[in-house]
Amino acid sequence: MTFIQKQRNILDVALCSLLRRKGKNLSLVVAYVFVIFLLSSVMFITDALKREASFVLKDTPEMVVQRLVAGRHELVPTAYAKVIGKIKGVQSVSARLWGYYYDATNGANYTLIVHQDLITSPGSIMVGRGVARHLSAGENGTIPFKACDGSYLFLEIRSVLPSESELVSADLVLMSELDFRRLFQMPEGYATDLVLRVRNVRELSTIAAKVVQLLPDTRPVSRDEILRTYDAVFSWRSGLVIVIFAGALCAFLILAWDKATGLSAEEKREIGLLKAVGWETSDVLLMKFWEGMAVSLVSFLTGIILAYLHIFFTSASLFEPALKGWSVLYPDFRLTPFIDGQHAATLFFLTVVPYTAATIVPSWRTATMDPDSVMRS
Amino acid sequence: MIEIKNIRKVFNAGKTNEFAAIDGVSLQVDSDRITVFKGPSGSGKTTLLSILGCMVRPTSGRIEVNGREITSLPEQFLAEIRRSGFGFIFQQYNLIRGMTALENVMIPSYPTGERRSSLKKRAVELLDLFNVSHKAGSRVEELSGGEAQRVTIARALMNNPRFVIADEPTAHLDTKLSREFMDIMLGLKTEGKTILIASHDPVVCDSIAVDRLVGMRDGRITTVDDRR
Amino acid sequence: MIFHPAIIALSAGSLLVSLMLLYSAFHGIRILRNWDMGSGSESQLQLERRTYLISTLVACALGFQLLSLFLFIHTVDCMSGLFVGAMCAAGSLKVNPFGYPAIVLRVINSILAGQWLMINHADNKAFDYPLIRKKYGMLLVIMPLIVAETAIQGAYFMGLKPEVITSCCGVLFSADSEGWASGMAALPPVPVAIAFYGFMAATISAGILFYTRGVGPYLFAGLNLCAATACVIALICLISPYFYESPTHHCPFCILQGEYRYVGYAFYLTLLAGAAAGLGVGTLTPFQGVESLKRIIPELQRTLALVSILSYSGFVVVAVSGILFSNLRLTGY
Amino acid sequence: MKILLMLLLLLQPCSPSRALAEDMKPVDVKKTDKCPVCGMFVARYPDFIAQVIFEDGSYAVFDGAKDMFKYIFNLSRYNPGKSSSDIAAIYVTDYYSLDPIDGWKAGYVTGSDVYGPMGHELIPFGKDEDAREFMVDHAGKSLLKFESITQEVVRSLD
Amino acid sequence: MAGRRSSIFAVYLLIHLCILALLWAHAQPGQSRARPDLELKRQMVGSLGLTDLCLFTEARYTRHPAMADSNAPFQDHPMSFDHFPSGSIVTVPEHLRYESGKP
C-alpha cells in the first residue's frame, strides 16, 4: 500500500510539473502522437491487407504452371496440359487465357480473363466495378477495345461484378475466348498458363518437381508461394516504410532529448527544493520517470486510437495517394478491422523504448542536482 | 544537538578560482535553542546552514547529529536524515507554483508513502496553527507575502523535525511580519525545536527570542554571543 | 534480412540495450577502480551520483530485455509462415544456426538480469553500499553476454531468407529423430512425471520452509534449479501432448499459438519468474552476513521465495488443469 | 447480380461422394468426433480420416488408417459390445483424390516418408497403379492388402 | 480537493483504454460482419482462378506479384514504378515516358 501511495504522490507532483509547462509539453505530445499515428497506421493497413489476402486467396488454384522463354513469360502450348494431367495426384488441368489491356485513352490497365462458363456468347463481357466506374459505363454499355491489328472491337457489358468483391475484381474484364483471341491474335493451341487442381496439397511439391522434370521450360507456382509472396511483400513494405519513418523518429527523439535537457531556472529551483526538503535522488528519478510515462502513455494510446480510426473508419484516406501510385484504377475497399497485441508491443518497442532511453541521462542529470542549489539561488 | 568539528568547505577545488566558503569552523548547536548566524553576504552563513542541514558534505571535518557521525554517509541517507530531522525555510519561499498551498505543505512527506488522508490532516492542522487554513485550496500564486511565509513554515514542520533551519527568512517581509515570524519561532522553541537562522536583519538579531548570536566573516566565526 | 516491423523493433531495442549496458559498464569500471566510501571528495561524490544513473540505465535496459524476450518469441512464432516446413517458432529458429543460440542467450540473460536487479535492490537499501564492487563486477560479466546476444540476434535476423527450407517441430521434437530435443521427447513419461511432481513438491515445500522459518536457502535455490529443468523436460515430454491432444506432438513452441489459447506464455512466464526469484534467494544468501544488510536481505529473500512458490504453483495448476481437461488419454502408449 | 452469385455458387467444385458399399455410405465427420484410440479430434485432419460403420448405424472415426487397424484388432477393448462381424463398412481416404474409398478393397503403403497426424501411417489407395507411383515418389516399402495387415505390421509403425 | 491529478490521469488513461477496448470489440464483430464479403471474394477467387489482390494496377508485377517473373520491373508500364530499391534511383527510359503520352 505504501508503495502505491508513494507512486501516486510522486505522480501528482510529476503531472503538476508537466501541466505547468503546458506549451512545451503539448508540442512534445503532439509530435509523439504523430509519430505513433504514422507507424501504427502503416502496421494496421499492411497487416489488414495481409490477413485479407491470406483468407481470400485460400481458394486460389493450388498450382499455376507458366512457361518461361529467356526469363520471360511465354504462351504455353495446350498440349502441355495432357502431359501434366497424367501426373498422379493432379485432379484436373485447365488452360487459362488472360492478359492485360492498356487503355491508352485514359491510361488504365485492365486485367482480361477468359471465362467459358460465365461468358458463353462472343461480344459480351462482364467488368469489375472499378472499370465500370472509370468508364462511367453500366450494364448494356459498350466498351471499345483496340485490337492489335488496329481495328476496334465493341463489346457489350452484360453485368458488373459486385462491389463487395472490388479488392479482387476492380480491374477485371471477363470475356469469351473468341473475343480474346481476336483481340490479341493469339494462336490456337496456346494459352497464357495452366491451372492445376490438386486435392492433396501435401503432394504439391512432388507434383511441382515432376512438372519441371517433364517440361523443363516451365515454372510451377504453388498456392503456398502465392500466399507467402503476399506476406513477404507487405511485411517488407511496411518494414521499409518504418525505416523511412525512422528519420522522423530520430527527429522526434532529438526533440525529446532537447526538451529533457533544457531545464528552465524555475525547474532547477524546484528540483533543488524537492531534494532539500528530503526527496532522495531516486524519488526525483521516479518523478521524472512518471513524467516520461505520462507523456508516453497518453501519446501512445492516442496515437493508436487515431490510427485505428484512420485505417478502418476512413479507409486509410491519408495513405491513398501513396498506395495508388500511378495506377488509374483503384479499388474502393473497406478493410476488415483487426488489432492485436503484437502491434502494440512492436510499436511500444519502436517508440516508448527509445523515448525512455533518450530521457534517462537528462533526467539523471536533473535528479542529481545539489540540494543546496536552492539555498544559493 | 549538532556538533561540527573543524569544518572546511572548498568550492572549485584545484582550479584557479578555488575558494574556501567555510574555513575551519567548529561549533556546537544545543537543543531547544534559537541560534542566529549574522554576517554580511558572502560570509559563509548559507553554506554553513547547508552543511548543518545535511544538504552538502564538507570538504573536510566532521559532523555529528545527535551523536551520529554523518560525514561519510551516502547521499540517499543524508536525504533521509534531512527529511525526518530538518525543516527548511527559504528566503524566496520556494513554493511550487501550480500547486495548492496544502499540497505544498505535504510535499516533504510524499516519498514516505504515508496515507494521503493522514497527510492531509496533519497539513491542515499546521495551516490552521498559522491561521492560513482558509487558503489551503488556493494556488500559491494567489498568496500574499505573509501568507506564503506561513505556508513555508508549515511545510518546514510537516515531518515534525527536531531542527528548523531558516535562511534570511525576513528578507521579503516588512517589520510587522518579521516580528510575527520571530514570535512563531519563539513558539516553536518552546515546543522543543532547535532553530538555526541566518540573517543580518536587526529585527531578527535583536529579538529577545534569540539565545545565541554567532557572528561570521570570510568563512570563519568571529564572535559568539550567548545571551543566556 | 526480412524487413518486418517487429524485427526492426527488436533489433533497435537490442542495440539500445547493448549501448546502455556498454555505457554502464564503462562507468562501472571507473567505479570499481576509484570507489572509496570513506572519502568525501568531489570525485567520490560524482561516482555516487553516477551509480544512480547506472542503476536506472541497467534497470531500464533489463526491463526492456525481459519484455523483448516475449516479443522475440512471438515474432519468431509469427514468422513461421514465411519459411517452408516451419509451423511454429521451433522451425523459424532452425532457419539458420543463430536462432537457438539467440533464444538461449536471451533466457540466460534475462535470469542474470533478474539476479543483478535483486542485488542492486538490496545494495541500494543499505547505507554503506556494501555490494558495490560485486555488483559492478557482475555487470561486467553480464555486459558481454548482452552484447553477444545482440550480435547473434542480429546475425539471425540478417540470415533469415524466406526460401530456406527448415524442419518442422514435428520432426525436431519427435521421439524417433536424433538430437537433444527429440531425446527429451523420447524420455519415458512415467519417470518424467515422477521427477516433475517430485521436484515441484520438494521445491515448494522447501520454499514454504524457508518462507516461514528462514532455513535452507541453498537447498531451496538448488531444488529450484532442478525443478526448472524438470519443468522444461516435462513440458516437452509430458505436458505439451495433452494440450495438443496428440500423443506424438511434443513441441514446446506450438503451445504459444492462439489455437492453444496462448497457454505457453503462462507456462514460460511462471517458469521464468519462479526460476529467477528462486535463484535470487540463493544469490543473496552469501551477503546475509554483511552488517548493513542483516535486516534487508532476509526480508527480500522471503518476498522472492513467495514469488517463486506462487509462480511454480501457477505452473503446476496450469499444467494439471490442462492434463485433466484434455481429451487425450495416454493409455496404450 | 443475384444471377451472378448463383452462377458463382454453381461453379463451385462439387465432389459427389461415390457410394461404394451398397447400403452404408460414409458418414460426415462432426467437429466433436474423436478418435477412440488416441483421443484426437478427427475433423482437424480431413486428409487421413478412416471410418468403421456398424450394422446398427453407429460408427467410429479415426485420424488415420493405423489407428483404425488398432481398433479393429482390439475391438473388444475399445468397443466391448461389438464384434468384427458387426462391421458393415470400412472407409479410408484415398491419398491422391482425398475421397472415401472402400477400406476392404484398398491398398495400403507402409514405410513412406508421408507422415500422418500420428506419425508413420498406412497410406490408402484405391488404385494399385496410384500406389505404385506413390511408392516410387515417397520411398514406400511395401503395398499391402487389407487381409495381409497384421498386428505386427501396425506395431512396426509406432 | 476535488480529484487528485493522479486520479484524473488514471481516469484519462482508463477512458483511452476503454476506447481501445471498444475498438477491439468493434473489430471482433467486424470480422464476422465482413465474413459474407470475404466468402464472396473467396468464391470469386476460386471460380475465376484469380491469384492476386487488385491493389496496384500499375503494371503486371504489381498487379500480380505472385505471377510476375523476377525481371519484370522496368518493362511493363510506361510509368513504371517498382518496388525494387533501385527503382527510386533509375528512372524510366525517356522514349517510354514521352511517346506513350501522345495519342
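**A tour of salt bridges**

Start by selecting Glu62(A), which counts as buried at 9% relative accessibility (buried means under 20% relative accessible area, exposed over 50%, partly exposed in between, with a 1.4 Å probe and protein chains only). This is a predicted model, where local features need pLDDT of at least 70, side-chain atom pairs count only at pLDDT 80 or more, and totals for chains, interfaces and linings use all residues. Residues are numbered from 1 along each chain as its sequence is written, chains are lettered from A and ligands numbered from 1 in the order in which they are written, and side-chain values use heavy atoms, with hydrogens and water left out.

Asp217(A) sits in the loop between α7 (204-214) and β13 (218-222), and Arg67(A) in strand β1, 150 residues apart. Helices (H or I, at least four residues) and strands (E, at least two) are DSSP runs, numbered from the N terminus. Asp217(A) is partly exposed at 24%. Arg67(A) is buried at 19%.

Go back to Glu62(A) and show Arg197(A). These two also form a salt bridge, at 3.5 Å between the closest N and O atoms. Glu62(A) lies in the loop between α2 (22-56) and β1 (63-69), Arg197(A) in strand β12 (residues 193-198). Arg197(A) is partly exposed at 25%.

Now select Glu188(A) and Arg181(A), a salt bridge at 3.8 Å. Glu188(A) is exposed at 62%; Arg181(A) is buried at 9%.

Last stop: Arg21(A), Lys24(A), Glu267(A), Lys288(A) and Glu291(A), linked in a salt-bridge network. Over all chains, the count is 47 salt bridges.

How values were computed. A salt bridge is a side-chain nitrogen of Lys or Arg within 4 Å of a carboxyl oxygen of Asp or Glu.
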